[in-house]
Structure formats: C-alpha cells, structure tokens
Amino acid sequence: MLKVLSLNSISVAVSFVLGIFSSKIISVFLGTSGMALMGSFRNFALMLKSIATLGISNSIVKLFVENKEDKRELSVIYSTFFWIFLLISSVLALVVLVFASSISVFLFYTNDYLAPISFFGLLLPLMVINTFWLAIYNGLEKFRRIMLIQIISNILVFGLTALLIWKKNIFGGLLSVAIGEFLMVLVTFIFVRNQANYFKFDLHKLISKKYFKVIKKFSIMALLTAIIAPLTLLCIRNMIVKKYSIEEAGIWDAVNRLSSFYMIFFSSGLSLYYMPKLASIHTENEFKTELKSYFRLFLPLFLLMLIVIYVAKGIILKLAFTAEFSTVERILIWQLLGDFFRIMTLAFGFQILVKTMMKRYFLVEIVFNLMYFLLSFYLIKQNATEGVLQAYFYTNVLCFLLVLFLFRKLFFKH
C-alpha cells in the first residue's frame, strides 16, 4: 500500500498544484458565479461519463484478477466489455445531442451553451475506450504507467483550461471540460500503441453471457451512483441558487473543489491498491487483516493531511481563490470532518463494491444521497452554505455507523 501511495503521491502532487492554480484562474476570471456554473457542468459530465462506463473499471479488475493466467478467457472478457460499453456510450451520445438545449437550460438557466454539451456527448464512446484501457493497466498492476498517463494528461488539461478561460471566459471554461477528456484519450492511446500486446483481443468473439452477468451486476450498482450522486449535487446547487444566489453556490463549489484535490490522492490510491487486493481475497479473516492495515496505516496518514490543511487553510485559500471566496475559510472545517468519516466508510465500501453486495450497496448509496439532500434542505434555511456542509458531515457520520452495523458480524460473532 505504501509503495502504491508513494507512486501515486507524485501524480496527486502535480494534480494538487495544478488544481490550486486552476481554481485561481477560475476565481479571477469567472468569479463565484462562474465557479458555480463550472461545478454544474462537471457534475453533469461526471454523470454522463459514469453512466457510459457503468462500473467498467471495477468489473474488469475483478474478472482480470480471476482469469489473468488464461489469455483466451481474457480475450473473451475484453471483447464483451468493448461491445457492451461501446453500444451504451453511442446511444447515450445520441440522447445528449437530441436534448442538448433542455440540458443547457437545466444546468445554466439558458440555452447559450449547447456546444460544450454536444461536444462532450460526442466524445463519450472515446471516454469509454480510455477507461477500458486504464482498467486493463490497473489489472496488470502497471501503476507507474497509470501515474505517467495521469501526470501528462493533467498538465495538458490545465494548459488548455487556462488558455480557453483566458480567451473565451465561461464558454471556454465549459468547453475545456469536454476537450480535456479528448486530450486524456490521446495521451492514453500513445502509451497503448507502444504496448499493444497487453490490449490484443478478438473482436469477433462479441458478448459472452457468462461475463455479461458479472458486468450486469457491477453496471446496475454503478448506474445508481452515476445518476443519484451527481443529481443530488445538482439539486443542492439549484436549491442554494434559488434560496440565496449563484454566488453563494459558487462558495459551496469552491469547498467541494478544494476537497477533491486531496481526496483524489487517497481515493485513487485505494482504487489502485485496495480494490484489486480485496478482489483477490476470499475469507473474512483476510478482509479483517486488510481492514487492520487500512486503519493502522491509511487512516492516520489521511488524518495528518487534514490537520495540515486546516492549519494552513489561510495560505492555501489565498493561493487557490480570490477575496470573493473568503467565507470558505470559516466553513471548511465541516468538509474536512465529513471527508474523514467518508474515508473510514470507504474501508467497507470497497468490499461491498468488489464482492457485489448489491443490497448493501443500494442501501448505503440511497441513504447517503437522500439524507444529504434532506439535511441540506433543512439546514440551509438556518446557515446557508454552511448548513449544506454541516449536512455533508452528519450524513457521512450516519453512513459510517450504517456500514459498521452491516458488517457487525465481522467483529461480533455468536
């Protein structure tokens, strides 16, 4: 775990620094309202991408670990993934193009931004192929390769985002989200082309029913998250705009953006190490051993990082935002506390995901998003944006207690 985290830390350090400068550019050129609009489009883009890739990374890692010695079976697995997700993404792209105007009005309260939405929709099939390639690299444990792809992609996307915001203001910022995905595909393709042996498979094998059943389970789980999570954020943002202002929504998005910078270090590290590890174990005792490692090593590192961020929040916020976002410093503590409980919940969440415990997965996802929305609706009346962050903290505490209850037999056996 330490080896993967240390490798991953290089990529995340680059992402963190670029993210800080990117936030500064958005806050200087677009302000709080621009931050809110960018946040809306990122939530929408994440929802589309998640629906198009429907659990492809998680399911391919699981199937690869189970069949990595059998090249013939791997070829069947790859072909099944390729055709299923290419079909899904193509249909979804067509839907986005047809309803681009309505989507623009829902996200931005105007239909002036059809081009970024349509372009993002057209790129969905390519995003699926990119996710497919990266999932194979993950299964092969080619962590250095993945880090290099991420670093190069992030640098190029940052340069593109800065240029487009400078030249085209908010329209350029929205367009950069779509074009950035295209740049990531190109970078991954360069690496894949030089290592084609890893990615060869027979396209004529089409879809295997045996593996389709496994994919179906992961896809059903992923579909719930792909729809409900971004939709919850979009609804909360619209609620802030209606009750207060788009500027207030921009403050909330600034907090979320800052959180994403440090959360990506641990969540990506977990995806690279923890998830394949859980996929390879089969007993409760093995899972308990992994849990002990997680809470002894992983959690203290995360807590230390949160403490450093809280102590240095003044410096970080001055680097990342303008004076218009000064409220963030006062309310950031709720996000940090919520993220701490979220990381503890993920220790069990990845096991639920990898072992396709569908009932538990649906329960946790629905409870989290429903409580987040309802508590936000209640607390926003009293404390504005701070109320939404308080709702995030309380919801994560509740979900952590919920997963402890779901895994109670692991700790208390009759």
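## A walk from the surface to the core

Start by selecting Leu-87, which is exposed, with a relative accessible area of 57%. Bear in mind as you look around that this is a predicted model. Leu-87 sits in helix α4, residues 71-98.

**Into the core**

Next, go inside. The largest nonpolar core has 123 residues, and the members touching the most others are Phe-41, Phe-120, Tyr-274, Phe-287 and Phe-302. Colour helix α13 (residues 358-406) to see where the largest share of this core comes from, namely 16 residues.

Click on Phe-302 and show its surroundings. Beyond its neighbours within four places in sequence, Phe-302 contacts Tyr-262, Met-263, Phe-266, Asp-339, Phe-340 and Ile-343.

**Aromatic rings**

There are 22 aromatic pairs in the whole structure. For one of them, select Phe-287 and Phe-407: the ring centres are 5.9 Å apart and the planes meet at 45°, so this pair is tilted. Phe-287 belongs to helix α10 (residues 284-311) and Phe-407 to the loop between α13 and α14, so the pair ties together parts 120 residues apart in sequence. Phe-287 is buried at 2% relative accessible area, and Phe-407 is buried too, at 7%.

Then select Phe-41, Phe-44, Phe-108, Tyr-113, Phe-120 and Phe-171, which form one aromatic cluster. You have already met Phe-41 and Phe-120 among the core residues that touch the most other members.

**Salt bridges**

Switch to charged side chains; the whole structure has 3 salt bridges.

- Select Glu-181 and Lys-49, whose closest N and O atoms are 3.1 Å apart. This bridge links helix α7 (residues 143-194), which holds Glu-181, to helix α2 (residues 31-53), which holds Lys-49, across 132 residues. Glu-181 counts as buried at 13% relative accessibility, while Lys-49 counts as partly exposed at 22%.
- Move to Arg-237 and Asp-253, with closest N and O atoms 2.7 Å apart. Here helix α8 (residues 209-243) carries Arg-237 and helix α9 (residues 246-279) carries Asp-253, 16 residues apart. Both Arg-237 and Asp-253 are buried.
- Finish with Glu-386 and Arg-330, bridged at 2.9 Å from N to O. Glu-386 is in helix α13 and Arg-330 in helix α12 (residues 327-354), so the pair ties together parts 56 residues apart in sequence. Is each end buried or exposed? Glu-386 counts as buried at 18% relative accessibility, whereas Arg-330 counts as exposed at 54%.

Conventions:
Residues numbered from 1 in each chain as written. Predicted model: local features only at pLDDT ≥ 70, side-chain atom pairs only at ≥ 80, totals over all residues. Heavy atoms only, no water. Core = buried A, V, L, I, M, F, W, Y, C linked by side-chain atoms within 4.5 Å. Buried < 20%, exposed > 50% of the residue type's maximum accessible area, 1.4 Å probe, protein only. Helix = DSSP H or I, 4+ residues; strand = E, 2+ residues; numbered from the N terminus. Contact = heavy atoms within 4.5 Å. Phe/Tyr/Trp six-rings, centres within 6.5 Å; stacked < 30°, edge-to-face > 60°. Salt bridge = Lys/Arg side-chain N within 4 Å of Asp/Glu carboxyl O.
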